Amino acid sequence: MRRLLVTLSALLCLSSGAGQAGDLALSEHPQWRSLLHFDRDGFFSEPRSAVLDDAFFLAENGQHDPAAELAATLEALRAPPVPQQAHARCRFPARALWLFRMTGETWPAANCPEWGEWQQEHAGAEVGLVFASGYLGNPASFFGHLMLHLDKPGREQRVTPSRLLDTSLNFGADVPEEDGLVPYMAKGLFGGYEARYSRAPFYRNSALYSEREMRDLWHYRLALPAAERELLVAHLFEVIGQDYDYLFLTQNCASRIARTLELVVDADLTPGSAPWVTPETLVRAIGEAKVAGRPLLEEVRHVPSRRLQTEWRYHVLAKPEQAAARAVWPGVDDLDLEADAFRRLAPRRRAAVLETLLGHAAFLKQTGDEPGLAERERRLLQARLALPAGGEPLSPQDPVPLHEATPPAQVRLEGVDNEVLGRAARLILRPLQYDLLDGSARMPDAALEIGRTEIELGDDGPRLRSLELFHVTNLHARSVPLPALPSMAWHASAGIGRARLDCDDCLDGHATLLAGKSFRLGRHLPFALLGGQLRSERHQAGPLAPMARLGLLSEWTARQRTLLQVTYADGLKGEAGRRTRWRLQHRLALGKALDLRAGVEADDTAHEVSLGVSWYF
């Protein structure tokens, strides 16, 4: 609505001959500010463009003054071309197009080879987003990653060789190779990196995210009108290679792509003053936004990772065929193409088994460097070529897209009965993002929680039970019972919490790091982790405690999961430093935004039971 009012004001001023007033109105137009990447005004900072490169501005103070940049842009567009110099309409085609639409003024003809090449390649291109699911191998990718995507209209929606040549625009930080984990985290959180849009064929990003990092991709096609697509595609030409500030939490791929899309979408796609912006924030906003009176989201397409494709192929095999697959390849170093269970199958069924194993071999090649793997893949391929042509079509399931999954923020209210402290209410707040009991569309058998806070509400008023700064678990479960390269389950967390269950004022700080293995047994996933915990000693003995954790995660149905964990820690200072704690939790999903959770927990001092309802938003 504000965009419409400013447009009408500018047009009235221009049509009445009030040129200065019209220029001032244009400089305050949301689309002009979006063209300059003037982010929304902060509470404690003056407005300025997020672009750092001086070459992006024609006015000396254009980074801070949209009116001055408008005047300089109009002057440059009206000027005749100069030989051997790029004209303003060549450097800033989106500005030229927008100002023509707003004022009706035309600009001198100019030779623009780079812009002409971009125009020819992306004429009529459809615009979309590509979301890569979360990746726990990189802190900056814990919540997933977003890219802009340009593809030719009318192409098939499945991945074909022609679609692999579509253009992806990736916004990412420029991180020096010599930066280790500590400077990487410090600069990412507090500043020190610059980021930019880079252009690459879709197949490169598909190879990186889907093949190498085994991340699912989701393509969100946007229903933008042709005029808006033309303006956005022209603007993308302007911003490729421009430097921006970068921060993990607020100035990242999601926030920058949101600001870019707001050039053609009259909506705030992400909150301007939020303490964090995640890709999921933008994807959910896209699912709810409208443009020209119709939904902005036109279509969602899933591009499964190599890991997921292998899982699908294996599970459509009949039981004897699955047994044959395991017999042919019982271990990473062993391949037996003469196995009886395999030879008893009909030729076409042997072909289906070999195609599954070839897919698994490709998966193993991307997840590690195992000597001899290429030779085993060659033997599988030779055996497949000796069988009849034609293969089993991939039978994809229907995974839940991110914008339809359980929302990431959680509020839970529980009733608690502690045998020592008595009964109380407990309020649990989790801003981000999912736990092991949430069988959602994010990451299987993993947990990522940020800022989880538990407050007990008793007769003495509210008391803090725990505050987790972060809590990350990756069980690295094998999805199919085929040979796998060594992988490690792990857990890392830090925060403060009660040292014992029998007290309400015994808070201690802790930082925990564990590693181990998990083993898939049908619907059940047992795991064992070893490691240690750094902790304060206000209410427990021993600053460094070796720790062991055993657990079992069970998925009974799509709506019900159970988690049992037993943890033992020894502070190496006698009985006062030893603690055994076990916890049983069960979750029943009542819908996308509600669940019911029951729990039993005990340590050496007390036990308690809890029952609560969670709301997700």
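Me: What does the side chain of Gln540 reach, and at what distance?
Reply: In this predicted model, the Gln540 side chain comes to 3.4 Å from the backbone oxygen of Ser536.

Me: Where does Gln540 sit?
Reply: Gln540 is in the loop that runs between β17 (524-535) and β18 (544-557).

Me: Buried or exposed? I mean Gln540.
Reply: Gln540 is buried: its relative accessible area is 16%, and the cut-off for buried is under 20%.

Me: And which residues does Gln540 touch, leaving out those up to four places away in sequence?
Reply: On that basis Gln540 touches Ala499, Asp508, Arg535 and Ala576.

Me: Switching to disulfides. How many does the structure hold?
Reply: Two. Cys90 is joined to Cys112, with the sulfur atoms 1.9 Å apart, and Cys503 is joined to Cys506, with the sulfur atoms 1.6 Å apart. With bonded cysteines counted along the chain, the pattern is 1-2, 3-4.

Me: Left-handed or right-handed, for Cys90 and Cys112?
Reply: The link of Cys90 and Cys112 is left-handed, at -65 degrees about the S-S bond.

Me: What about Cys253, buried or exposed?
Reply: Cys253 is buried, with a relative accessible area of 7%.

Me: What lines the largest one?
Reply: The largest cavity has 43 lining residues, and those nearest its centre are Glu468, Arg549, Arg581, Arg583 and Glu601. Strand β20 (residues 578-589) gives the largest share of that lining, six residues. By class, the lining of the largest cavity holds 12 nonpolar, 15 polar and 16 charged residues.

Me: And the second largest cavity, which residues are closest to its centre?
Reply: The second largest cavity is lined by 13 residues, with Phe131, Gly134, Phe143, Leu402 and Arg442 closest to the centre. Its lining has eight nonpolar, three polar and two charged residues.

Me: Now pockets. What is the volume of the second largest pocket?
Reply: About 1200 Å³ for the second largest pocket. Its lining takes in 43 residues, with Asn138, Pro139, Ala140, Ser141 and Phe248 nearest the centre.

Me: How does that pocket lining divide by residue class?
Reply: The lining of the second largest pocket has 30 nonpolar, nine polar and four charged residues.

Me: Which elements each supply at least two residues of that lining?
Reply: For the second largest pocket, the helices are α8 (181-190) and α9 (202-212). The strands are β3 (167-173), β4 (193-201), β13 (446-458), β14 (461-474) and β15 (489-498).

Methods:
Residues numbered from 1 in each chain as written. Predicted model: local features only at pLDDT ≥ 70, side-chain atom pairs only at ≥ 80, totals over all residues. Heavy atoms only, no water. Helix = DSSP H or I, 4+ residues; strand = E, 2+ residues; numbered from the N terminus. Buried < 20%, exposed > 50% of the residue type's maximum accessible area, 1.4 Å probe, protein only. Polar contact = N/O pair within 3.5 Å; in protein donor to acceptor, adjacent residues only side chain to side chain. Contact = heavy atoms within 4.5 Å. 1 Å grid on protein atoms, 1.4 Å probe; cavity = no way out; pocket = protein on both sides within 12 Å on 5 of 7 lines; lining within 4 Å. Points joined across faces, edges and corners; volume = space filled by probe spheres on them. Nonpolar A, V, L, I, M, F, W, Y, C, P; charged D, E, K, R; others polar. Disulfide = S-S within 2.5 Å.
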